Amino acid sequence: MEMAMGIGGGVQQHQLQQKGDAVLLAGAAAIVVVAFSLLLYTRMKKQLRRKRALFPRSPPGAWPVVGHLPLFLKDRPHQLLAELCMKQGYGPIMGLRLGVHPAIVVSSAAAAKELLSTQDKVFANRVHYAFADHVFYGYNKALGFSSYNPRWVQMRKLYTLELFTAKRLQEMAHIRHEEMRKLLHRLQQASNGGVQAVDLRERLFEMAGDIAARQFYSKTLGESAPELPHLVEAMEDEAFPTLGDYLPWLRFLDVFPKRGMDKLHRSLDRVFTSIIDERRRHMATCPANQLPNDFLQVLLSKEESVVPEQNICDNDIKAILLDVLSGSIHTSSVTLEWALALLMSNPECMRKLREEVDSVSKHKDGRALLTNEDVEKAMPYLENVMKETLRVQPVAPLLLPRVSGEECHMGQYTLPKGTQAFVHVWAIARDPQIYEDPLSFRPERFDGTDLDVRGQHYELLPFGAGRRMCPGMRGGLAVLYLTLANLIKFFEWEMPPGQTLDMSEKAYRGFSKEIPLRVIPKLRHYPLPDPLTHI
Ligand code: HEM
């Protein structure tokens, strides 16, 4: 028994010892795990801190989860961002966090050059917004909202080598002239012969829309479908980022905005389908040499390209049409509205421009339009006025955001893949180190300089620069010059009695003048051109 007890006691003691060892072992293991985790945690924290230190400094005020998104919901966010970068010391490359995405705002000419030239390829992607899928036929259709990929390269070639060539621009001059003459007559009629004010933006929108539509498919917007002008206007409101674009796990909340986008898309698609179908019916009955020489015809001829990868389908054509309509109408009408408002609030500049306009008109029939050739040959002040307008009021103050396809370095910073980039061309154009008295409207500042807007001078980038630069710049400028020259030739511009000119900017869902310009056009001594003839 004793022995048994002894054996039993030995076993118990042994078991106790084993238990003690196990506890000790478990304790040691726990200590190792905790120590290892602590080590890992501190290393990760260090790495994170090092990474953060290499990311550009961000302004305070980031909210949990959404980060700096609220900055973009403020009134005129471009002004606020410029203030942070330039006056509050966050510098030419400022960091932000937009939901889950890192972002930078670039606000000096040198940093813009680095982004749009040295890092152009890395930042050649556009951000994938839900509206690209729901309004624009998909992220990788057409140009404006596509990633950078071989398909985009092919599309871009199509734009630059076939749709927006100098030759085609020349061939389409008659469209611009006809729509210009229509505009002059509409202004005269709407103002009741120079008695009442007209909404200039509305009229310019109509003209720019009709030019874009006729170049594309040889009909005005109104002739294509009565609702099309409104649908194009609605794009301004619907093509807007959603919460899910920044916080993917909240995409389910996008159901309402997406419903609006889908509805708009369906309406646009119906009109575009009928435009393409009608052209096909026309092609079936009409000899090839009598078909219109427009973009649609060029695109339809590519439907069965000999190189299969270059085939384009109806949805590609519709996406390009949407690109052209959304890219050209708002941009030209808003810029022209600003140009006239800036001239009206700077009477000396208006006087000088009128003098130039009159001296060129002297050599022409009084009823004749001033043309783009006149501008190129003999109207340097008009060109300066346009540059100065695009400097002071670029339609895309932050360009269209780009996103990096891989990690890259800018200066001392490391930018992770997926960094969104905003080039603050509005702020760069107000940099006192580049422009003397930058807030004044002074077209003369361009006298004797070769500074222009064509993407080579990073001090002045209203059309962007690099791979994603505006492909419609040449056509856009042609419309701007032609229209401004003739608005000044044929009319004096007056504010309605008792009203003053308001120059505030609106920067919510599209950038424009906050209060539309309502002015009275008073016919000058030139008789209006015949609506159908008179170049
Ligand atoms: C006053 C006239 C115009 C201005 C100020 C303007 C401005 C711009 C700007 C700032 C961009 C973004 C560039 C960047 O991110 O670097 C852009 C892109 C674009 N513009 Fe224009 N634009 C004008 C006229 C036009 C016209 C007439 C068209 C077509 C007919 C057009 C089609 C496009 C397209 C398709 C893009 C996207 C290009 C891409 O992402 O590859 N624009 N435009």
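Modeller: A residue is near a molecule if one of its heavy atoms lies within 4 Å of it. Keep in mind that this is a predicted model.

Colleague: How many residues surround the ligand?

Modeller: Use the cut-off just given. Arg126, Arg156, Arg402, Arg468 and Cys470 are the closest.

Colleague: How many nonpolar residues does the shell around the ligand have?

Modeller: Sort the shell by class. Five residues are charged and six are polar. The nonpolar residues number 15.

Colleague: Which helix gives the most to the shell around the ligand?

Modeller: Start with a side chain. An N or O atom of Arg156 is 3.1 Å from an oxygen atom of the ligand. The elements that give two or more residues to the shell are helix H6 (150-163) and helix H14 (314-344). With five residues, the one that gives the most is H14.

Colleague: What is the distance from an oxygen atom of the ligand to an N or O atom in the side chain of Arg402?

Modeller: A polar contact needs N or O atoms within 3.5 Å. For the side chain of Arg126, the distance to a ligand oxygen is 2.8 Å. For the side chain of Arg402, the value is 2.4 Å.

Colleague: Which residue in E8 does Arg402 stand opposite?

Modeller: Strand E5 (residues 402-403) pairs with E8 in the antiparallel sense, over two bridges. In E8, Ala421 and Val423 are buried on one side, Gln420 and Phe422 on the other. The residue opposite Arg402 is Ala421.

Colleague: Which residue in E8 is the bridge partner of Ala103?

Modeller: Strand E2 (residues 101-106) pairs with E8 in the parallel sense. That pairing runs over four bridges. The bridge partner of Ala103 is Gln420.

Definitions and conventions
Residues are numbered from 1 along each chain as its sequence is written. This is a predicted model: local features need pLDDT of at least 70, side-chain atom pairs count only at pLDDT 80 or more; totals for chains, interfaces and linings use all residues. Side-chain values use heavy atoms; hydrogens and water are left out. A polar contact is a pair of N or O atoms within 3.5 Å; within protein, one must be able to donate a hydrogen and the other to accept it, and residues adjacent in sequence count only if both atoms are side-chain atoms. Ala, Val, Leu, Ile, Met, Phe, Trp, Tyr, Cys and Pro count as nonpolar, Asp, Glu, Lys and Arg as charged, and the others, Gly among them, as polar. Buried means under 20% relative accessible area, exposed over 50%, partly exposed in between (1.4 Å probe, protein chains only). Two strands pair if DSSP finds at least two bridges between them.
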